[in-house]
Amino acid sequence: MINMSIDTVEAGMRVGKAIYEEDGRLLAGKGLILNDYYIESLKKRGASQIYIHDEDTDDIVIPDNVSDMVRGSTIRDLKGLFGDLEGSINKEMKDTSMEAALGAVSSKQFVSTFGKNPAFQKLQDNVGKIVEELMGGDVTIGLNSIKTYDNYTFQHSIDVAIVSIMIARKIGLPTKRLREIGIGCLLHDMGKIFIPADIVNKPDKLTPKEYNLIKRHPEIGYELAKGVPSIGILAPHIALQHHEKQDGSGYPRGFKGNNRMNISMEPRMIHLYGSIAAVADIYDALSSDRPYRKALPPEKVITIMKDMNETHLNRSIQRIFFSITPVYPIGTIVRVLNGQHKNHLGIVCALNESDLERPIIRLIFNPVKKRINPIDINLQVDEEIKIESKII
Ligand SMILES: [Fe+2]
């Protein structure tokens, strides 16, 4: 299958990978033959790219760290939990002072809406399943969720959880810790339910007042999570600290980091979990379409993250992250920049685990975008060849 822009997809093409609604239901299942109605509806929902079935690339398996089934049911549980919590707050509470908001979420009534919520119970089971699938699968990160405007919050939360657990697994943390990190990441942006949706999803630049409201979500999320004993003591700190920066310039508390992997809690310092979640959050946000910009090309995402090293993102965690994250994930469309195949287009069909920047690519289009007999090139062998990612 190949990843295509929704603008170039045509009626008659077959969906290569399922797309989910906000509530976890299938929007377009694998194998569905697209018609104009479906294409329009996908555009309206803000899906900008979609995997399309393609004969020449049929054998390429685009790895997903977590199965569609577990992903779908986790989205449903998140939606159920967030919906119930949101249902128990009224509109005025979203415009209230920070103190009043924190008071409301720590109230007995709110805590029991949360802790006893059946969706929350199921969510905890799903974290177990996510960890199990990640432990039994690939060591490299492969995120292929199709995010629409509607399902962004939930898909993003799952992807942040996946990346964070993969980093923690590579560090060698025990399963209990992986589960703790998983639940913390699934709930990391939960505080946003106290912020008016039109500000959270605003396509234009935020005013200083709106930005100040957004900056409340870590504290509110922390207060919410720490009231529920089964979440544990450390996981709520993921909600609190995922926007903190190593140099102390982040929010909400301006905690600092020491760029190392310290597992102990120290006053006014970013905890290991917070540092891991910050890396995962930035990676997934930059790689996804947002209301105010399109997803950035994968090589650009990596460059930006390297620029954030030490000041914003924890150096030691980033080193681990880059050792398991391919610059060009399998399925990325790439253009050859030099040599005899200059300007040919192809798809990343396999990774070289010893060099995640130099994958194996399969050329399928010539420079005028006509199909050719597929040619596989191993970039680790053909060291001279340069590529860039491309959207077709
Ligand atoms: Fe956040």
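**Exercise 1. At what angle do helix H5 and helix H7 pack, and how far apart are their axes?**

Step 1: Find H5 at residues 118–136 and H7 at residues 175–186; helices are DSSP runs of H or I with at least four residues, strands are E runs of at least two, and both are numbered from the N terminus. The model is predicted, with local features needing pLDDT of at least 70 and side-chain atom pairs 80 or more, while totals for chains, interfaces and linings use all residues. Residues are numbered from 1 along each chain as its sequence is written.

Step 2: The two helices pack at about 125°, with axes 9 Å apart. Axes are lines fitted to C-alpha atoms, for helices over the stretch in contact, and angles run from 0 to 180 degrees between N-to-C directions.

Step 3: H5 and H7 are therefore oblique to each other (under 35 degrees is roughly parallel, over 145 roughly antiparallel, 65 to 115 roughly perpendicular, the rest oblique).

**Exercise 2. Which residues of H5 and H7 meet?**

Step 1: Count a contact where C-beta atoms, placed from the backbone, lie within 7 Å.

Step 2: On H5, look for Leu-123, Gln-124, Val-127, Gly-128, Ile-130 and Val-131; on H7, for Thr-175, Leu-178, Arg-179, Gly-182, Ile-183 and Leu-186.

**Exercise 3. In what order do the five strands of the open sheet stand?**

Step 1: The order is E8-E7-E6-E5-E9, with antiparallel pairing (strands pair if DSSP finds at least two bridges between them).

Step 2: E8 (371–378) and E9 (387–389) are at the edges with a single partner strand each, so one side of each has no neighbour in the sheet.

Step 3: Look inside at E5 (residues 333–336) and E6 (residues 345–352), joined by three bridges; Arg-335 has Leu-345 in E6 as its bridge partner.

Terms used
Two residues are in contact if their C-beta atoms, placed from the backbone, lie within 7 Å.
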